[in-house]
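Let's take a walk through this structure together. Have a look at the sequence and the model first, and then we'll go through it piece by piece.

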Amino acid sequence: MTYASASIPAVAAGRADRWPWFGVFAFAFLILSQAIAIITSPADRDMGDLQKIMYVHVPAAWTTFIAFFVVLVFSLRYLWKRREKDDLLAASAAEVGATFNGLTLILGMIWGRPAWGVWWTWDARLTSTLVLFLIFVGYLSLRAFVDDAERRAEWSAVVGALGAINVPIVYMSVRWWRTLHQVQSTPSSMDPAYVLGLRLNAFAFLFILIYFIRQRYHAACLQRSTEHAEEMTALGGQQS
Amino acid sequence: MTWRRDWSRVRAIVWKDLVTERRSKAGFSSVTALGVTILVLFGFALGPDAQVLRDAAAGALWLAALFAGVLAFSRSYQVELESGALEQLLQYPGSRWTIYVGKLLSNLIFVGLMLVIVIVTAIILFQVRIPATWPSLVAILVLGVVGVVVLGTFYAGMASRIRAREVLLPLLLFPMLVPVLLAAMSASKALLTGDLMHEASAWTRLLIAYDMIFLVATLLAFEHVIEA
């Protein structure tokens, strides 16, 4: 079983200095998008200004799913090609995805309390988002508890892929479970005045997601190359 | 005739596991006792009202099966690890999936037998009225147990070999089993109350799909898990 760990230090060191600028851009874009969304959208007839939380909650939910899709793709790619880079990228995406997932849940609760009068309801989307969060908390815990790098990569790739496969099944089963008991309230169709703000913020969150994953990945690569260097020193060999 | 040789490997592993279990006996009886204990605790939590108990019976049964099952799954690898038997098992020639299928079948038998006792207890304790459609109830039970055992056996292969395995196995396993639990609990509950909305067949199809998807996926992935 070959395990291409030698390729780790080759983390595009030359291009790394451009990334802080991307981060600045991403956050500036977010602030701008939020401002535009809040200024252009009128107060909602039923919810008033409470509706504004949509501009952070909905993009956070979308980016969560994008992040976990990245986990699936790079987990499968790791199992196929066995390159440590893919493992580290999947892990970075899982960490950032879990953060956005938690953010989605908390923002949803903050909105749900005044809008529905409860912090939590066993609605299909809420429940499946929570289950998704738990699946990826399991994934991250597994990574935390396995010390051997190769074993960690192998196992977490399998767990990540199985978890991602399960997402649509969980969603479907939770939806059936709810709809068979009570009719789900459908969200009213969106007024065009809200669409621009939502789209802009979706892109802003996407940029931030890319920036976060990339930064996390960079840190993970540095950490791994330190570990490799330490191993080499401990073995008495030359540091490469 | 490779499949015949593979099959004899599977049988050998099942036989080995069952003999180990039969000789020690402590494993089976303690896991079953735990399942029954959990049912009793659910009875206390829900109160003595017969209708409440009847409504919650399916859920309590499945949760008891799950908690007791987790112990069974981690035991099935732990006995291998204690005396370094797993390394030897891996050194035998032949496909790795036969080890997984062998473990899977022996766990199915183990958990199935445990469930028979737990179910009888649940029927008595929760005053369940057995409906005329009991064969479909049995089918749902079997499908549900297959789902639980497939993923349980698979995840235990990893979790039993790391620190903090007691926490990690349920943490990995339970969220993954949400569809099985919802389907099995809802379908059993529907059948116990007469299935007025004909929802049991939809849940049964979901269970079949889930079992097939994860059986194939875990068979493909087991080699990565056991060799790492």
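How many residues of chain B are in contact with residues of chain A? Counting two residues as in contact if their C-beta atoms, placed from the backbone, lie within 7 Å, 25 residues of chain B touch 26 residues of chain A. On the chain B side, the elements that give two or more residues are α7 (165–176), α8 (178–192) and α9 (200–227). α9(B) gives the most, with 8 residues. By type, that side of chain B divides into 21 nonpolar, 2 polar and 2 charged residues. Here Ala, Val, Leu, Ile, Met, Phe, Trp, Tyr, Cys and Pro count as nonpolar, Asp, Glu, Lys and Arg as charged, and the others, Gly among them, as polar.

A quick word on the ground rules. This is a predicted model, where local features need pLDDT of at least 70, side-chain atom pairs count only at pLDDT 80 or more, and totals for chains, interfaces and linings use all residues. Residues are numbered from 1 along each chain as its sequence is written, while chains are lettered from A and ligands numbered from 1 in the order in which they are written.

Now for chain B as a whole. It has 9 helices and 0 strands, where helices (H or I, at least four residues) and strands (E, at least two) are DSSP runs, numbered from the N terminus. The radius of gyration of chain B, taken over C-alpha atoms, is 18 Å, close to the 17 Å of the globule rule (2.2 Å times the number of residues to the power 0.38) for 228 residues, so chain B is as compact as a globular protein of that length. Its C-alpha trace spans about 55 × 35 × 30 Å along the principal axes.

Next, zoom in on a pair of helices. The axes of α3 (residues 50–82) and α5 (residues 97–125) of chain B come within 10 Å and cross at roughly 145°. Those axes are lines fitted to C-alpha atoms, for helices over the stretch in contact, and angles run from 0 to 180 degrees between N-to-C directions. The residues of this contact divide into 15 nonpolar, 4 polar and 1 charged. On the α3(B) side they include L61(B) and F73(B), and on the α5(B) side F110(B) and V118(B) are among them.

Leaving aside its neighbours within four places in sequence, L61(B) is in contact with V118(B), I119(B) and A122(B).
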